[in-house]
Amino acid sequence: MAADDIPEKKAAVSVAGINPDDHQKSQNPILSGCACLGKAMMMLMLVGFFLLVFSRLMEAYIASDYGTEGYSKTRSALMKIGNAIGSYQSEYKKFPLPDPYPKKDVSLRTEGAWMAALVGTDITLNPKGFKFLEMPAAENGKSGVYQDKDEWVVTDLWGEKYYVVLDVDLDRIISNPEPLPNDAGDEVNYSIMIYSSGADRNPDTWGDNIGNWR
Ligand SMILES: [Ca+2]
Ligand SMILES: [Ca+2]
């Protein structure tokens, strides 16, 4: 009778311990492969998501370290210094460098007689007294120009003097201060390269350095 059949069917399910449909899937290699592929895709998506979050956090960290505004201010200062040197060159047909005038390219910092020449306080290098470089007065030695005893100094946001490379021999080639992979770009075609050592004040760490060419 039908009443006797019902317990037997329930018992069959109970003995198997699994849903018959699942059992069928586990026996089907195609369905099983699809499940593995789905898990792999899920893992890849999760990894991609975490990488995205990590990169965003790193960007936020770098931005908080010197900030977009800091970057803009530094770039503006670099352009000012570069333009001041260019204007001096136009006026005096040379770089604002003291005698003995160098014959080869030079690397220097934004301090000393050549800074005094650009701000118009050194009539030896700048007999016409032109004010080629106008910068705000530095506060606590940061972000501007100030006089340290007899020397004029120009500093970045973090109180460090800028780094400058000048193509004094006028061949339009400068030894690149920024090391590149596989020595690519060892020499570059610039006349004036100026850079800040960035928030960490270390010129050798280029992640935060800010240059007039980069
Ligand atoms: Ca050169
Ligand atoms: Ca640095």
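Predicted model: local features only at pLDDT ≥ 70, side-chain atom pairs only at ≥ 80, totals over all residues.
Biologist: What makes up the secondary structure of the chain?

Modeller: There are five helices and eight strands, and along the sequence they follow the pattern α-α-α-α-β-α-β-β-β-β-β-β-β.

Biologist: How do you know what span to expect for H4?

Modeller: The expected span is 1.5 Å times one less than the number of residues. For the 25 residues of H4 this comes to 36 Å, and the end C-alpha atoms of H4 are 36 Å apart, so the two agree.

Biologist: Why is Lys-73 called partly exposed?

Modeller: A residue is buried with 20 or more other C-beta atoms (placed from the backbone) within 10 Å of its own, exposed with 12 or fewer, and partly exposed in between. Lys-73, which lies in helix H4, has 17 such atoms within 10 Å and is therefore partly exposed. The buried residues of H4, by contrast, include Thr-74, Ala-77, Ile-81 and Tyr-88, and buried residues make up 21% of the 214 residues in the chain.

Biologist: What makes a group of residues a nonpolar core, and which residues have the most contacts inside the largest one?

Modeller: Such a core is a set of buried Ala, Val, Leu, Ile, Met, Phe, Trp, Tyr and Cys residues joined through C-beta atoms within 7 Å. The largest has 27 residues, and those with the most contacts inside it are Ile-81, Ala-84, Met-115, Leu-118 and Ile-194. Two or more residues come from each of helix H4 (68-92), helix H5 (113-119), strand S3 (151-155), strand S4 (163-166) and strand S7 (192-196), with H4 giving the most, six residues.

Biologist: Which residues does Ile-81 contact, leaving aside its neighbours within four places in sequence?

Modeller: Contact requires C-beta atoms, placed from the backbone, to lie within 7 Å, and on that basis Ile-81 touches Thr-110, Leu-133, Val-154, Tyr-162 and Ile-194.

Biologist: What makes S4 and S7 a pair?

Modeller: Two strands pair if DSSP finds at least two bridges between them. S4 and S7 have four, in the antiparallel sense, and therefore meet the criterion; Val-165 has Met-193 in S7 as its bridge partner. Both strands belong to an open sheet of four strands in the order S1-S4-S7-S8, with antiparallel pairing. Strand S1 (106-109) and strand S8 (210-211) each have a single partner strand and stand at the edges, so one side of each is left without a neighbour in the sheet.

Biologist: How many bridges join S2 to S3?

Modeller: Five bridges join strand S2 (residues 144-148) to S3, the two running antiparallel. S2 and S3 form a hairpin with two residues between them, and Lys-149 in the turn has a positive phi of about 60°.

Biologist: What is the mean pLDDT of the chain?

Modeller: The predictor's confidence in each residue, pLDDT, runs from 0 to 100; its mean is 85, and 80% of residues reach 70 or more. Over residues 8-18, however, the pLDDT is below 50, and beyond near neighbours in sequence this stretch has two contacts in the model.

Key
Residues numbered from 1 in each chain as written. Chains lettered and ligands numbered in written order.
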